[in-house]
Amino acid sequence: MFNLTELQQATKTVQQVMQPTPAYSWPQLSNNTACDVWVKHENHTPTTAFKVRGGIYLLNKLAHSKLPPKGLISATRGNHGQSLSYSGARNGMPVVIVVPECNSADQNRAIESFGAKLIIHGKDFEAARQHSLILQHQFDYLPIPPFCRDLVLGVASYALEFLSLVKDLHTVYVAVGMGSGICGLIKTRDLLGLKTQIVGVVAEGAPTFYQSFQAGHIIPTAGSNTIADGVATSSPMEEAFEMIKQGADRIVMVNDQQIAEAMYQYYKFTHNLAEGAGAAALAGLNKEKQQLRGKKVGLILSGGNIDFNRFNQYVAPFLST
């Protein structure tokens, strides 16, 4: 997909816009799991999520191409849309983002605040995505899928930062949505010649990657139902699935209660706000902590975009424990 030189150059492009995000070892997380836990804080980006790295790199490349597009259009549940909106504004390129009717009002406001035209359509992400494909002809804008080479290359800059800084990680847990985060991590691990195990984490309410990984071929589901919007996927893209099938050690499935507990633990132990997908990696480690006891483990806190009311609703059951 890309080589180490391309990854290093992409990382420089991203870092011209944003500083490397921190990686911290949090004592209370380590004590709670009996592991040496290191967290890569992708909730500390300009859009509070890792995906902005892909947008920064992609828009930089498009803006400097011989024939830049008139504009971009895409569908999202939030972080991908914020990434394109933020990066489009930086490069003076119009962006149209289609979101489903159930989308977070906070995400919608954030997307619009970066200057994108927001269109609300359909009951779920797939309906929004299909509508965006129709609208691309109306606007004559370039459609941007949630997974493509240049997005993954930009996103992989987080992995190069993390794996270069924190040495000898036995295992890294990362949420799996459309696949750019885990694929960027897998490719970077391989380019650096490391033996770090990479474990993808999905929600029980969105099990398609888990079922597909177990079967060795894509198994779409009828839909998704989880508090973790960023992993609410019902059908993997072929290229992403093949990379994950070949490069991930395993896929772990966690339920919404386990995700909510991990959100609470991040806030209690580190004072960081994690959205559902952002907390999924910690939920995965919590589920497997006995077998990782004493190991050096990385967690990707992939995003912190969640409104306060939902966060309060999810973590409230744990406040009295």
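What share of the contacts in the protein with a separation of 6 or more comes from residues 24 or more positions apart? Such residues account for 73% of those contacts, a contact being a pair with heavy atoms within 4.5 Å.

1. Basis of the note. This is a predicted model, in which local features need pLDDT of at least 70 and side-chain atom pairs count only at pLDDT 80 or more, while totals for chains, interfaces and linings use all residues. Residues are numbered from 1 along each chain as its sequence is written, and side-chain values use heavy atoms, with hydrogens and water left out.

2. Overall dimensions. Along the principal axes, the C-alpha atoms fill a box of roughly 55 × 45 × 40 Å.

3. Surface and burial. The accessible surface is about 13,200 Å², and carbon and sulfur atoms contribute 50% of it; areas come from the Shrake-Rupley method with a 1.4 Å probe, and for residues only the protein chains shown count as cover. Of the 321 residues, 58% count as buried. Here buried means under 20% relative accessible area, exposed means over 50%, and partly exposed lies in between (1.4 Å probe, protein chains only).

4. Secondary structure. The protein comprises 13 helices and 10 strands. These are DSSP runs numbered from the N terminus, with helices (H or I) of at least four residues and strands (E) of at least two.

5. β1 runs antiparallel to β2 (residues 36–41), to which three bridges join it, and A23 stands opposite K40.

6. Strand β7. All five of the five residues of β7 (residues 171–175) are buried. T171, Y173 and A175 lie on one side, V172 and V174 on the other, so that both faces are covered. In a regular strand the side chains alternate between the two faces of the sheet. β7 pairs with β8 (residues 197–203) in the parallel sense over five bridges, with I198 as the bridge partner of V172.

7. The four-stranded sheet. A further open sheet has the order β5-β4-β3-β6, with parallel pairing. Its edges are β5 (117–120) and β6 (142–143), each with a single partner strand, so one side of each is left without a neighbour in the sheet. Helix α4 (residues 79–90) packs on this sheet and touches β3 and β4 (95–99), its direction making about 165° with that of β4. Axes are lines fitted to C-alpha atoms, for helices over the stretch in contact, and angles between N-to-C directions run from 0 to 180 degrees.

8. Strands β3 and β4. β3 (residues 72–75) runs parallel to β6, with two bridges between them, and L72 stands opposite L142. Four bridges join β3 to β4, again in parallel, and A75 has V98 as its bridge partner. β4 is largely enclosed by the rest of the structure because five of its five residues are buried. V95, I97 and V99 cover one side, and V96 and V98 the other.

9. Cysteines. The whole structure contains zero disulfides, defined as a pair of cysteine sulfur atoms within 2.5 Å. C183 is buried, at a relative accessible area of 0%.

10. Backbone points to check. Most residues other than glycine have a negative phi. A34, in the loop between α2 (27–33) and β2, has a positive phi of about 60° and is partly exposed at 27% relative accessibility. D140, in the loop between α6 (125–139) and β6, has a positive phi near 60° and is partly exposed at 48%.

11. Helix α13. F308 belongs to helix α13 (residues 308–315) and is exposed, with a relative accessible area of 61%. F308 and Q290 are 18 residues apart in sequence and 32 Å apart in space, C-alpha to C-alpha.

Note on methods:
Pairing = 2+ DSSP bridges.
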